[in-house]
Amino acid sequence: MTTTARRAIVSGRVQGVGFRAFAQQTAREAGVRGWVRNLPDGRVETAVEGEESAVRQYLDALRRGPLAGKLAELVEEELPPQGFQIFEITG
């Protein structure tokens with residue numbers, strides 16, 4: 001299995017709407033590992049790794065977001081795999 005890793009910054013109405021909990025649940029469903037956190041400027045940052053199809057499933061779900069959220073933009077970049085063991089909310 002080849003591990004793919006991505007970092008994404010999500011902007012829009014993504015804080016105070018359950019976005020991090022949504023990301024964590026979505027990560028569990030997709031079978032990916034990593035983390036998600038709020039940024040001081042109102043955006044959300046996430047880093048995730050797993051099989052390419054699972055990472056894509058996770059990021060595609062984030063683009064749709066939770067019902068209460070309103071995603072304006074998701075910018076992603078490739079990362080080297082970090083060896084994450086779980087998916088967690090870090091901040």
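Colleague: Which residues does Thr 26 touch, not counting residues up to four places away in sequence?

Modeller: In this predicted model, Thr 26 touches Tyr 58 and Ala 61 once residues up to four places away in sequence are set aside. Touching here means heavy atoms within 4.5 Å. Thr 26 itself has its place in helix α1.

Colleague: Why is Thr 26 called buried?

Modeller: The relative accessible area of Thr 26 is 8%. Buried means under 20%, so Thr 26 is buried.

Colleague: What makes the contact between α1 and α2?

Modeller: The axes of α1, residues 19–30, and α2, residues 52–64, come within 9 Å. From α1 the contact is made by Phe 19, Phe 22, Ala 23, Thr 26, Ala 27, Glu 29 and Ala 30. From α2 it is made by Ala 54, Gln 57, Tyr 58, Ala 61 and Leu 62. Sorted by class, this contact has nine nonpolar, two polar and one charged residues.

Colleague: Why are α1 and α2 called roughly antiparallel?

Modeller: Their axes cross at roughly 150°. Angles over 145 degrees count as roughly antiparallel, and therefore α1 and α2 are roughly antiparallel to each other. As for the hand, α1 passes α2 in a right-handed crossing.

Colleague: Leu 62 is also in that contact. How do you know whether Leu 62 is buried or exposed?

Modeller: Leu 62, found in helix α2, has a relative accessible area of 1%. The cut-off for buried is under 20%, so Leu 62 counts as buried. With neighbours within four places in sequence left aside, Leu 62 is in contact with Phe 19, Phe 22, Ala 23, Thr 46, Leu 71 and Leu 74. One of these, Phe 22, is 40 residues from Leu 62 along the chain, and their C-alpha atoms are separated by 8.2 Å.

Colleague: Leu 39 lies in a loop. Why is Leu 39 called buried?

Modeller: The loop is the one between β2 (33–38) and β3 (44–50). Leu 39 has a relative accessible area of 16%, and buried means under 20%, so Leu 39 is called buried. Apart from neighbours within four places in sequence, Leu 39 is in contact with Ile 9, Gln 15, Val 44 and Glu 45. Leu 39 and Ala 21 are 18 residues apart in sequence, and 15 Å apart in space from C-alpha to C-alpha.

Colleague: How do you know that the radius of gyration agrees with a compact globule?

Modeller: For 91 residues, a compact globule would have a radius of gyration near 12 Å. The protein chain has 12 Å, so the value agrees. Along the principal axes, the C-alpha atoms fill a box of roughly 35 × 20 × 20 Å. Buried residues make up 42% of the 91 residues.

Colleague: Which order do the elements follow from the N terminus on?

Modeller: The order is β-α-β-β-α-β-β, with two helices and five strands in the protein chain. Of the contacts between residues at least 6 apart in sequence, 77% join residues at least 24 apart.

Conventions:
Residues are numbered from 1 along each chain as its sequence is written. This is a predicted model: local features need pLDDT of at least 70, side-chain atom pairs count only at pLDDT 80 or more; totals for chains, interfaces and linings use all residues. Side-chain values use heavy atoms; hydrogens and water are left out. Axes are lines fitted to C-alpha atoms, for helices over the stretch in contact, and angles run from 0 to 180 degrees between N-to-C directions. Helices (H or I, at least four residues) and strands (E, at least two) are DSSP runs, numbered from the N terminus. Angles under 35 degrees count as roughly parallel, over 145 as roughly antiparallel, 65 to 115 as roughly perpendicular and the rest as oblique. A crossing is left-handed if the near helix is turned anticlockwise from the far one by less than a right angle, and right-handed if clockwise. Ala, Val, Leu, Ile, Met, Phe, Trp, Tyr, Cys and Pro count as nonpolar, Asp, Glu, Lys and Arg as charged, and the others, Gly among them, as polar. The radius of gyration is taken over C-alpha atoms; the globule rule is 2.2 Å times the number of residues to the power 0.38. Buried means under 20% relative accessible area, exposed over 50%, partly exposed in between (1.4 Å probe, protein chains only).
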